[in-house]
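The sequence and model come first, and the notes follow.

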Amino acid sequence: MCGIVAYVGDKDAFPILIKGLYRLEYRGYDSAGIALLNESLKIYKTRGKVADLENFMQDKDHKGKIGIAHTRWATHGEPNDINAHPHYSRTKKLAIIHNGIIENYGPLKEELISRGYRFTSDTDTEVLIHLIEDIRQNEGVDLPEAVRIALNQVIGAYAIVVISDDHPDMLVAARKGSPLVVGIGDNEYYLASDATPIVEHTKDVVYLDDEEIVTVKKGEKMLLKTIRNRVKTPYIQKLEFNLSALEKGGFEHFMLKEIYEQPRSIRDSMRGRLNARDGIVSLGGILDYEPKLLNTHRIIIIACGTSWHAALVGEYLLEELARIPVEVEYASEFRYRNPVIDETDIVIAVSQSGETADTLAAIELAREKGATILGICNVVGSSIARATHAGVYTHAGPEIGVASTKAFTAQVTILTLMALRLAIKKGTIETSRFQQIIDELEEIPRKVEETLNLDKEISSIAKIFTYARNFLYLGRGYNFPVALEGALKLKEISYIHAEGYPAAEMKHGPIALIDREMPVVVIATNRGPYDKVLTNIQEVKARKGKIIAIVTKGDKKVRELADYSIEIPETEELLVPLLATIPLQLIAYHIAVMRDCNVDQPRNLAKSVTVE
Ligand code: F6R
């Protein structure tokens with residue numbers, strides 16, 4: 001959940017590190033710190049955001065061509081100046097930044113205390129740096145070896161970078177269960193939790209694998225080995241995104257920019273995979289596993305949060321088109337409930353970040369039981385992308401706003417392509433129907449653009465409900481996951497309590513909540529169970545609830561009943577989630593802005609949830 005960035009080379013480290021922290025702030029933002037090595041190793045850290053750290057450092061010594069920096073999302077110990085990273089070793093000759101959790105920090109700490117170590121913070125990280133220094137002193141080994149030996153004693157997850165004032169041109173870093181990327185520049189190295197702080201300096205990167213340690217020295221080749229001491233050859237990859245993907249590009253918030261990027265990101269998700277003119281859908285990344293997919297008796301999709309909502313849309317699509325039974329599971333539940341699963345099963349993990357701890361653990365469990373694991377990830381080279389047998393990247397581009405928007409529509413796009421491909425291969429769809437759907441799919445980016453043109457209208461509806469205390473979102477069929485997603489977007493960024501429900505379930509409980517104070521968002525597009533949803537709307541009306549309806553252009557019946565209607569373009573029922581989600585993202589965004597909430601960095605949340 002934290003962001004780490006480090007630099008060694010010929011340039012001043014401070015500007016690189018502080019800018020890198022701003023880029024990584026979406027990962028965590030309750031405290032931040034920097035260690036710089038010039039004549040001695042100095043640490044500056046403070047509670048608060050990166051801007052607070054920058055202010056705090058204004059009159060401090062910024063010198064140093066090597067440094068490490070961290071932005072934190074607290075796990076062990078409250079967010080304060082002391083618990084912020086980096087942490088010194090006892091002699092203050094070493095410092096560390098860490099992302100992850102050391103699970104056995106308790107016994108390690110006791111052991112160190114019994115040998116005279118004193119701790120200043122409540123963090124598990126401080127244990128690790130004392131341990132490294134202890135090994136270095138007592139076993140007379142060099143720093144990389146001391147780090148290696150220490151990591152062999154550690155249980156848990158980590159991405160770490162260690163700096164030492166004995167080595168003014170060297171950093172030692174390692175990962176297990178938390179991402180770490182090395183950027184290779186000219187006579188210099190960058191290390192970071194993801195490529196966002198690196199891309200403006202170099203496009204050549206190495207993604208570390210679990211239990212790998214890297215030693216980078218200015219002007220020398222990097223040394224990569226495993227914590228079992230096996231030397232490895234680094235695999236250098238080229239970054240495929242540009243700096244503009246990380247900037248707000250004139251938008252007030254990343255979230256708004258990312259909402260507006262959806263015509264482009266959906267197009268990118270389909271690029272090279274959908275050829276409507278020739279009637280072809282193909283997903284190269286999972287081609288080798290297609291025979292297995294075509295013959296499987298069921299698919300299990302695992303995910304969390306918004307990705308779980310996309311997975312639910314996937315369930316409807318795969319069952320309707322390819323006639324394959326699908327189960328959608330919260331990764332956090334799946335991993336702890338001894339699921340019945342074996343080598344005949346196919347598990348699809350859906351994740352924007354590719355780092356979600358629960359999803360990773362669920363993958364591990366399914367893999368142990370022999371299942372085939374496929375991934376749908378956005379972040380290239382992420383842990384989930386590596387942990388799966390094969391997969392498809394969504395190509396939505398970096399998503400910086402903590403609330404997921406374009407990643408959701410990209411995931412749904414991939415699941416749509418997958419269902420279509422399997423359906424045509426299995427013969428569970430008529431060719432003419434297949435062609436009809438893919439022709440329409442190709443139109444979706446343009447229709448998303450059309451939907452985005454409703455922004456002003458949506459903003460004025462949002463204004464009316466800025467001070468609502470609760471919201472209910474209702475939808476049926478393909479629009480049920482859309483309702484869930486709309487409610488999640490609203491609650492996470494505006495802090496208004498919101499619940500998504502299958503519209504028909506309302507009468508089994510939530511109807512008790514409805515009165516004139518309760519706004520109810522109903523996704524009531526014209527295909528599928530339209531008449532049933534109409535009845536549900538009447539039930540809300542009868543109890544004086546305020547209806548905000550998402551309807552198909554030209555709709556009359558719902559418009560007559562609803563207090564406010566938002567008209568989206570007509571499309572196939574199974575493609576409606578790609579359009580209907582857009583106004584819900586915008587409603588949440590505008591309400592949050594009007595309530596003066598920090599849209600891109602909502603309280604208590606961080607972009608990638610790398611802890612349980
Ligand atoms: C909601 C949101 C979260 C994530 C969830 C899974 O806007 O962003 O609910 O969807 O934490 O994250 P990934 O997709 O990275 O596995």
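Helix α3 (residues 105-114) has L108, K109 and L112 as its buried residues; buried means under 20% relative accessible area, exposed over 50% and partly exposed in between, with a 1.4 Å probe and protein chains only. These residues lie on the same side of α3 because they cover an arc of only 100 degrees around the axis, taken from the directions from the helix axis to the C-beta atoms. The model is predicted: local features need pLDDT of at least 70 and side-chain atom pairs count only at pLDDT 80 or more, while totals for chains, interfaces and linings use all residues. Residues are numbered from 1 along each chain as its sequence is written, and side-chain values use heavy atoms, leaving out hydrogens and water.

Helices (H or I, at least four residues) and strands (E, at least two) are DSSP runs numbered from the N terminus. The cover over the buried residues of α3 includes β6 (94-102) and α4 (125-139). On the face turned away from the buried side of α3 are the exposed residues P107, E110 and S114. Just after α3, G116 has a positive phi of about 95 degrees.

## Ligand site

The ligand is surrounded by 15 residues, of which S307, S351, S353, T356 and E492 are the closest; a residue counts here if one of its heavy atoms lies within 4 Å. The table gives polar contacts, pairs of N or O atoms within 3.5 Å.

| Residue | Protein atom | Distance to a ligand oxygen |
|---|---|---|
| S307 | side-chain N or O | 2.6 Å |
| S353 | polar side-chain atom | 2.6 Å |
| V402 | backbone N or O | 3.3 Å |

Taken alone, the ligand exposes 400 Å², and the protein buries 90% of that; the areas come from the Shrake-Rupley method with a 1.4 Å probe. The elements giving two or more residues to the shell around the ligand are α9 (305-322) and α16 (479-494).

## Cysteines

The structure has zero disulfides, a disulfide being a pair of cysteine sulfur atoms within 2.5 Å. For C2, the closest cysteine sulfur is that of C304, 18 Å away and too far for a bond. C2 is buried at 8% relative accessibility, and C597 is buried at 13%.

## Residue S282

S282 sits in the loop between β17 (280-281) and α8 (290-295) and is partly exposed, at 23% relative accessibility. Leaving aside residues up to four places away in sequence, S282 touches G272, R273 and R421, where contact means heavy atoms within 4.5 Å. From S282 to N229 the separation is 53 residues in sequence and 41 Å in space, C-alpha to C-alpha.

Key. Polar contact = N/O pair within 3.5 Å; in protein donor to acceptor, adjacent residues only side chain to side chain.
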